[in-house]
Amino acid sequence: MTEERNYTGGFVDGKYFVRIGRYSKNLFRNIAYTYHPSGYLHSYHTHDFYEMNYVLKGKCVNYVSGENLEMNEGDAILMHPGTFHSVYSENDSLVVNFLIRSEFLLSNMSSLNSDFPFGKFIDASKKDDYYRYILFTDGETSTDLCKKLIEQIEKDASGTAEGFLREEALFLLLASDLATKKTNQILSEQKGRESEKLHEAMMFYAYEHYDTITLEALSEKFGYSKSHICRIFRHYTGTTFHEILTDVKLSYACTYLRETNLPVQTIAQKVGFQSIEHFHRLFKKRFSISPLKYRSSPENVA
């Protein structure tokens, strides 16, 4: 494993989140974290490691394989590797993302009783047919443990053996606390499969060409009919190719609005919208705010 020290919060930084899974081989620790910026929608993406989102303050919505999961303060979600997802946190909210090596989580949580939801989630994770996520809601919060874990990772940013042991112990305490104290543990109704390789390849290709990709181009690239590709996306994500592509385009539009002074019409064109009216309509439908108001919001000023 390469110990590349170019990281943020213990994690190798990557501009495009859809490619984030490729960087996990450069992690030199089992657990890392990053804060999710408020008022911002990530591109729909996946990883080759587990991710836990914890709402420290406010609210967020997790878009997981076609489901919209509303989360409140103290809620958490743990997602299986390969699960496509995105998250949008409201302004003034604080959501932390923990990134966990698969082998670390499975080896340390394998003794959980499989009669209970968290135990079922871990047990199924070792098989081809796995749960996409487990959601923890409506129970006692584990906020203090969550904050202690973040503090420990920050304290030992350079990475020492003693520091690793401390943060790993704190994460296992946090996971155990969620498993035993939360009154409502919800397993995903949809299951994923390790054999979903064709779908994943299509998703990655579509995201890397999000501004120009069409269903026709995807059909030509992979050699399947447009109707068959539509069925693949619906089967694995619960939504359509066009809906997913719109989410990706809007997330990049948010980035341009926050980080550049480009005119809204130019941004709409850069992310693949031919009609400025259509862009405005979809943006407001998703975020309940116009692009200009989004840009002028104090929470979105870098």
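Visitor: How many bridges join β4 to strand β9?

Guide: This is a predicted model, in which local features need pLDDT of at least 70, side-chain atom pairs count only at pLDDT 80 or more, and totals for chains, interfaces and linings use all residues. Residues are numbered from 1 along each chain as its sequence is written, and side-chain values use heavy atoms, with hydrogens and water left out. Strands are DSSP runs (E, at least two residues), numbered from the N terminus, and two of them pair if DSSP finds at least two bridges between them. β4 and β9 (residues 94-100) run antiparallel, and the number of bridges is 7.

Visitor: Which residue in β9 is the bridge partner of Tyr50?

Guide: Tyr50 belongs to β4, which spans residues 50-57. Its bridge partner in β9 is Ile100.

Visitor: Which residue in β7 is the bridge partner of Tyr54?

Guide: β4 also runs antiparallel to β7 (residues 76-79), with 4 bridges between them. In β7, Tyr54 has as its bridge partner Ala76.

Visitor: How many residues of β4 are buried?

Guide: Buried means under 20% relative accessible area, with a 1.4 Å probe and protein chains only. By that criterion β4 is mostly covered, the count being 7 of its 8 residues.

Visitor: Which strands stand at the edges of the open sheet, and why is one side of each left without a neighbour?

Guide: The 3 strands of this antiparallel sheet follow the order β6-β5-β8. One side of each edge strand lacks a neighbour because each has a single partner strand; these are β6 (67-72) and β8 (85-89).

Terms used
Buried means under 20% relative accessible area, exposed over 50%, partly exposed in between (1.4 Å probe, protein chains only).
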